[in-house]
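This report is an introduction to one protein for a reader who has not seen it before. Please look over the sequence and the structure first, then read on.

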Amino acid sequence: MRFLRPAIALASCAALRILAAPPAPEVANVHSLIENGGFEEGAALPTFWNRHPGDPQNRNAHLRDTTVARSGGASGRLLWLDPIAGENKAALQWMKYGIPVEGGSSLLVSGCVRTGEGVLGSRVGIHLYDRTGTHLGFRTVSELGPTPEWQSFEYELPLPPDAVKMGLALYSRQGGATWYDDIAVIGTPTATAVRAAPEVDGI
């Protein structure tokens with residue numbers, strides 16, 4: 001798992017709280033647990049991300065959209081117009097599960113979202129799991145109303161000591177299109193490590 005050095009982690013926390021903006025893409029590319037958080041890589045669909053439902057249904061669609069982006073040249077578009085068929089009625093979403101985390105540390109979750117006409121809002125959440133695969137719970141890290149312009153979000157999530165894996169879900173709401181971009185999840189050291197005086201060049 002990739003962690004920021006303590007001094008950088010503290011600065012990042014402060015910046016997120018004050019500026020309410022995601023880390024710069026070049027920072028996220030180095031430190032984020034999320035690959036392709038900017039949806040830059042892929043073809044019709046982005047690499048790294050999975051989707052629900054797994055196959056297109058009626059007018060609903062998942063798309064790597066190269067016509068709309070908060071930064072770079074693409075975003076992840078979710079188009080939810082029709083009811084979802086099948087037993088799993090979970091919202092149309094981008095998702096990724098099985099991401100390693102360090103229990104007792106914290107995650108800095110950030111990104112940007114935009115909603116189209118007719119969409120009442122968006123939600124981002126994290127599922128946590130222990131070593132046996134037991135679900136430890138779900139945490140909402142962003143829940144916004146309509147955002148016709150790009151809106152940044154950020155959240156610091158303390159992890160329970162027994163958490164070892166996470167799943168990230170970017171949800172849409174029925175009624176139209178939702179776009180996500182610049183998604184990052186950055187692991188910070190435990191509180192004990194942050195309080196310790198960091199070594200600089202071995203000093």
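## Overall make-up

The protein has three helices and 10 strands. Starting at the N terminus, the order of its elements is α-α-β-β-β-β-β-β-β-β-β-β-α. The model is a predicted one.

Of the 203 residues in the protein, 46% are buried. Among contacts with a separation of 6 or more, 75% are between residues 24 or more positions apart.

## Strand S6 and its partners

Strand S6 (122-129) has eight residues, and because six of them are buried, the strand is largely enclosed by the rest of the structure. S6 pairs with strand S7 (residues 135-144) in the antiparallel sense, over eight bridges. In this pairing, Ser122 has Leu144 in S7 as its bridge partner.

Arg123 stands opposite Tyr171 in S9.

## Further strand pairings

S9 takes part in another pairing: six bridges join S4 to S9, and the two run antiparallel. Opposite Lys96 stands Leu168 of S9.

S4 is also joined to strand S1 (residues 50-52), through three bridges and in an antiparallel arrangement. Here Arg51 stands opposite Trp94 in S4.

In soluble globular proteins, nonpolar side chains tend to be buried together. The largest nonpolar core in this model has 32 residues, and those touching the most other members are Trp49, Leu107, Ile126, Met166, Leu168, Leu170 and Tyr180. At least two residues of this core come from each of strand S3 (75-80), strand S4 (93-100), strand S5 (106-115), S6, strand S8 (151-158), strand S9 (165-171) and S10. S9 gives the largest share, five residues.

What is Ile126 in contact with, leaving aside its neighbours within four places in sequence? The residues in contact with Ile126 are Leu107, Val109, Gly137, Phe138, Arg139, Val141, Leu157, Met166, Gly167 and Leu168.

## The largest pocket

The volume of the largest pocket is about 310 Å³. Its lining consists of 19 residues, and Pro25, Asn29, Asn36, Gly37 and Gly38 lie nearest the centre of the pocket. Helix H2 (25-31) and strand S10 (176-188) each contribute at least two residues to the lining. By type, the lining residues are seven nonpolar, seven polar and five charged.

Asn36 is found in the loop between H2 and S1. Although Asn36 is not a glycine, its phi is positive, at about 60°. Asn36 counts as buried because its relative accessibility is 12%, under the 20% limit.

## Other backbone features

Phe48 lies in the loop between H2 and S1. It is a residue other than glycine with a positive phi, near 80°. Is Phe48 buried or exposed? With a relative accessible area of 17%, Phe48 is buried.

The peptide bond from His52 to Pro53 is cis, and its omega is near -10°. Pro53 has its place in the loop between S1 and strand S2 (61-65).

Definitions and conventions: Residues are numbered from 1 along each chain as its sequence is written. This is a predicted model: local features need pLDDT of at least 70, side-chain atom pairs count only at pLDDT 80 or more; totals for chains, interfaces and linings use all residues. Side-chain values use heavy atoms; hydrogens and water are left out. On a 1 Å grid over the protein atoms alone, a cavity is a set of points where a 1.4 Å probe fits but cannot get out, and a pocket is an open set with protein on both sides within 12 Å along at least five of seven lines; lining residues have an atom within 4 Å of a point. Grid points are joined across faces, edges and corners, and a volume is the space filled by probe spheres set on the points. Helices (H or I, at least four residues) and strands (E, at least two) are DSSP runs, numbered from the N terminus. Ala, Val, Leu, Ile, Met, Phe, Trp, Tyr, Cys and Pro count as nonpolar, Asp, Glu, Lys and Arg as charged, and the others, Gly among them, as polar. A nonpolar core is a set of buried Ala, Val, Leu, Ile, Met, Phe, Trp, Tyr and Cys residues joined through side-chain atoms within 4.5 Å. Buried means under 20% relative accessible area, exposed over 50%, partly exposed in between (1.4 Å probe, protein chains only). Contact means heavy atoms within 4.5 Å. Two strands pair if DSSP finds at least two bridges between them.
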